[in-house]
Amino acid sequence: MANISNTHESAGGNLTARALREGFYAGVISLGLFVLFVGLETTQNIRNELVLNQRWGLLAVFVIVAAVGRFLSVAYLRPWLAARKAAASATASTETEESFFKRNFSKIAIVALIFYPPLMVVLFGVQGSLKWVDNFGIQILIYVMLAWGLNIVVGLAGLLDLGYVAFYAVGAYSYALLSQYFGLSFWVLLPLAGILAAFWGMILGFPVLRLKGDYLAIVTLAFGEIIRLVLINWTEVTKGTFGVSGIPKASVFGIWSFDVSAPNNFAKVFELPMSSAYYKIFLFYLILALALLTAYVTIRLRRMPIGRAWEALREDEIACRSLGINTVTTKLTAFAIGAMFGGFAGSFFAVRQGFVSPESFVFLESAIILAIVVLGGMGSLIGIAVAAVVMVGGTELLREMTFLKSIFGPDFTPELYRMLIFGLAMVVVMVLKPRGFVGSREPTAFLKERKNVSGSFTKEGHG
Amino acid sequence: MSDTLLSVQGVETYYGNIRALGGVNVDVKKGEIVSLIGANGAGKSTLMMTICGSPQARTGTITFDGEDITRLPTHLIARRRIAQSPEGRRIFPRMTVYENLQMGASLDNLKYFDEDVEKIFTLFPRLKERQAQRGGTLSGGEQQMLSIGRALMARPKLLLLDEPSLGLAPLIIRQIFDAIKVLNEEQGLTVFLVEQNAFAALKLSHRAYVMVNGQVTMSGSGKELLANPEVRAAYLEGGRH
């Protein structure tokens with residue numbers, strides 16, 4: 001007995017010593033990494049001279065955070081995770097009934113989203129709700145929709161597309177330009193933008209039919225850049241980097257308008273005080289409907305032959321062909337349908353901003369959308385929605401964290417650390433959940449009962 | 001010969017400039033089990049793939065059921081009801097057993113799925129137990145059963161099996177070969193089999209071909225080849241430990 005407790009003690013002592021050592025190393029490494037990036041800052045003064053600012057305090061904060069974080073991780077977090085993993089594998093054999101919340105998560109989420117704008121109006125007033133409905137609600141839902149659209153290409157058909165933002169751009173510019181030059185309304189142009197984007201999806205699809213994996217990714221990346229460069233340089237039509245402004249607003253199916261001067265203005269008809277909040281609330285429901293349409297189509301397609309063929313294509317292309325599946329049309333439809341939803345989202349983006357420029361369609365956007373799909377768990381709609389809320393909502397939330405100024409001084413702007421935190425979050429999620437938030441793939445067909453087999457049993461790299 | 005289902009005439013296949021098949025002639029008649037044996041690199045799997053149109057034969061013709069299929073793309077060849085259980089099984093690892101079988105039935109858009117899936121489950125009861133499990137979690141033998149089952153779901157006129165015994169225990173191999181025999185005897189299924197396991201393949205087959213360096217060097221009934229001293233020396237005694 002004494003022996004056992006002895007070994008425990010020495011193990012504990014070892015752990016603390018190791019944690020201290022590793023914490024120290026982490027501190028040294030972060031000092032080396034950040035001494036030039038954080039410790040020194042160059043700014044320009046009024047006479048355009050470079051001035052070197054020394055920020056040793058901030059550097060100390062970075063180093064201490066790294067050292068203490070490493071110490072805590074080694075000494076406490078890892079043993080705790082290991083213990084939890086052991087406990088989880090011990091109880092894995094006993095099947096637990098999923099809670100009501102977990103089973104009906106998507107229904108609850110949809111109902112909550114429908115009541116979200118009125119709730120914000122009640123809580124923050126008509127004008128105060130603007131920020132919550134627009135910056136959080138609409139912004140997140142656009143990314144949910146984009147990620148769900150990309151999920152068809154990447155998650156289901158397994159075609160790594162790094163240029164998805166091209167279709168977003170095609171949709172946005174379709175609406176912006178066609179409404180400017182031909183005066184067509186949003187409701188005519190929404191399907192048209194989708195069709196045009198799908199068409200571009202096919203154009204991308206044809207040359208890359210024979211490519212896979214990394215090669216495909218590079219070509220799609222180039223495609224995204226080509227579209228952006230065309231938008232910048234075709235100045236007669238797109239007005240280049242100046243962008244297209246004054247894009248007309250959408251109306252409620254032509255019945256009520258949101259133009260201030262229009263006689264059928266929404267606020268005038270209902271005798272409400274003038275506010276742009278009504279338009280934002282309308283846009284919120286519009287993007288919610290579009291996103292739900294995307295989800296509905298995805299769910300339906302997965303149960304249809306074409307959806308099954310996509311998933312089979314992701315798994316094994318040769319086997320697909322030997323089963324009589326035409327891989328050419330299967331790939332092209334995946335590109336086209338994914339692109340179509342990107343186009344819908346793009347025309348919504350144009351109508352929401354009232355202004356589009358090539359600046360909005362840089363590679364970073366594609367990367368963020370892809371990151372959301374991967375973090376959420378390829379193919380899982382709920383996981384992707386959660387990932388979008390975390391990634392997009394999280395970065396929006398950074399803007400709100402003004403209290404950090406009192407810690408780091410008045411110059412501290414949390415938004416600047418957006419990408420740092422974004423990257424950190426991705427690393428953490430990928431370490432803890434390598435398959436994304438929802439890693440297990442839901443089967444589409446069952447005989448009698450559904451049984452869930454965790455993704456962790458399947459080969460790594462195949463899921 | 002009206003009862004010839006598959007006829008391979010003078011087929012040459014190249015990988016780039018390298019000739020893998022040098023004028024192969026093989027016939028498979030309706031209701032037969034025909035096997036193709038040979039050493040590693042003899043071109044057995046290449047012949048199998050050439051029949052499926054990937055890669056396509058550079059010269060020669062492949063006729064199936066009276067129709068020239070030499071230049072057809074793979075998926076159209078599959079739609080002529082040539083089903084293949086490819087080398088290395090190639091099941092869909094993230095899809096369940098049930099979904100894998102559904103994929104096999106996609107030619108008819110699941111029209112006969114319910115009755116056919118019952119037949120597969122009778123043939124391979126293990127698959128029924130495992131139907132909700134992901135393909136990738138199955139054992140090698142179960143994956144092979146699934147691969148054959150998936151091919152059968154397409155209601156094939158000709159079943160191509162590429163090394164069904166690859167990496168499997170002798171007992172499992174026997175189960176699978178028994179199943180092939182049952183399919184042939186009870187349903188009249190025509191089977192063309194590529195095998196390293198020459199002894200088991202020759203015992204099962206009506207006729208067999210021996211392939212060396214991309215050419216067919218010998219052919220005859222399974223029994224004849226089993227008794228042939230050359231075949232015994234090259235593929236049977238040497239291979240048995």
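## The two domains of chain B

In this predicted model, chain B is divided into domain 1, which covers residues 1-81 together with 157-241, and domain 2, which covers residues 91-156. The C-alpha centres of domain 1 of chain B and domain 2 of chain B lie 23 Å apart, and the contact takes 13 residues from domain 1 of chain B and 12 residues from domain 2 of chain B.

On the side of domain 1 of chain B that touches domain 2 of chain B, the elements that give two or more residues are strand S7 (158-162) and helix H7 (170-187) of chain B. H7(B) gives the most to this side, with four residues. Sorted by class, this side of domain 1 of chain B has nine nonpolar residues, one polar residue and three charged residues.

## Helix H6 of chain B

Helix H6 of chain B runs over residues 140-152, which makes 13 residues, and it reaches 18 Å from its first C-alpha to its last, close to the 18 Å expected at 1.5 Å a residue. How many of the 13 residues of H6(B) are buried? The number is 12 of the 13, so H6(B) is largely enclosed by the rest of the structure.

## Ile120 in helix H4 of chain B

One residue of helix H4 of chain B is Ile120(B). Ile120(B) has 23 other C-beta atoms within 10 Å, and it is therefore buried, since a residue counts as buried if 20 or more such atoms lie within that distance.

Once residues up to four places away in sequence are set aside, Ile120(B) touches Leu101(B), Leu127(B), Gly149(B), Leu152(B) and Met153(B). Ile120(B) and Met153(B) are 33 residues apart along the chain, and their C-alpha atoms are separated by 7.9 Å.

## Chain A as a whole

The secondary structure of chain A comes to 18 helices and four strands, and its C-alpha atoms fill a box of roughly 85 × 70 × 45 Å, taken along the principal axes. Of the 463 residues in chain A, buried residues make up 36%. Among the contacts in chain A with a separation of 6 or more, 72% are accounted for by residues 24 or more positions apart.

The domain assignment of chain A gives domain 1 (2-85) and domain 2 (105-400 + 433-457), and the C-alpha centres of these domains lie 39 Å apart.

Helix H7 of chain A, residues 186-205, has 20 residues and reaches 28 Å from its first C-alpha to its last, close to the 28 Å expected at 1.5 Å a residue. Its buried residues include Phe186(A), Leu189(A), Leu190(A), Trp200(A) and Leu204(A), and what covers the buried residues of H7(A) includes helix H6 (165-182), helix H8 (213-233) and helix H14 (327-353) of chain A.

Phe363(A) is found in helix H15 of chain A, residues 363-376. Is Phe363(A) buried or partly exposed? With 14 other C-beta atoms within 10 Å, Phe363(A) is partly exposed. Leaving aside its neighbours within four places in sequence, Phe363(A) is in contact with Leu221(A), Gly224(A) and Glu225(A). The C-alpha atoms of Phe363(A) and Leu221(A) are separated by 7.7 Å, although these residues are 142 residues apart along the chain.

## Helix H12 and the contact between the chains

The contact between the chains takes 30 residues from chain A and 29 residues from chain B. On the side of chain A that touches chain B, helix H12 (305-315) and helix H13 (317-322) of chain A each supply at least two residues, and the largest share, six residues, comes from H12(A). The residues of this side of chain A divide into 13 nonpolar, eight polar and nine charged.

H12(A) also meets H14(A), where the two axes come within 10 Å and cross at roughly 100°; the two helices are therefore roughly perpendicular to each other. This contact is made by Ile306(A), Ala309(A), Trp310(A) and Leu313(A) of H12(A) and by Thr327(A), Thr330(A), Lys331(A), Thr333(A) and Ala334(A) of H14(A). By class, these residues divide into five nonpolar, three polar and one charged.

Note on methods. Residues are numbered from 1 along each chain as its sequence is written. Chains are lettered from A and ligands numbered from 1 in the order in which they are written. This is a predicted model: local features need pLDDT of at least 70, side-chain atom pairs count only at pLDDT 80 or more; totals for chains, interfaces and linings use all residues. Domain bounds come from an automatic or database domain assignment. Two residues are in contact if their C-beta atoms, placed from the backbone, lie within 7 Å. Ala, Val, Leu, Ile, Met, Phe, Trp, Tyr, Cys and Pro count as nonpolar, Asp, Glu, Lys and Arg as charged, and the others, Gly among them, as polar. The expected span of a helix is 1.5 Å times one less than its number of residues. Axes are lines fitted to C-alpha atoms, for helices over the stretch in contact, and angles run from 0 to 180 degrees between N-to-C directions. Angles under 35 degrees count as roughly parallel, over 145 as roughly antiparallel, 65 to 115 as roughly perpendicular and the rest as oblique.
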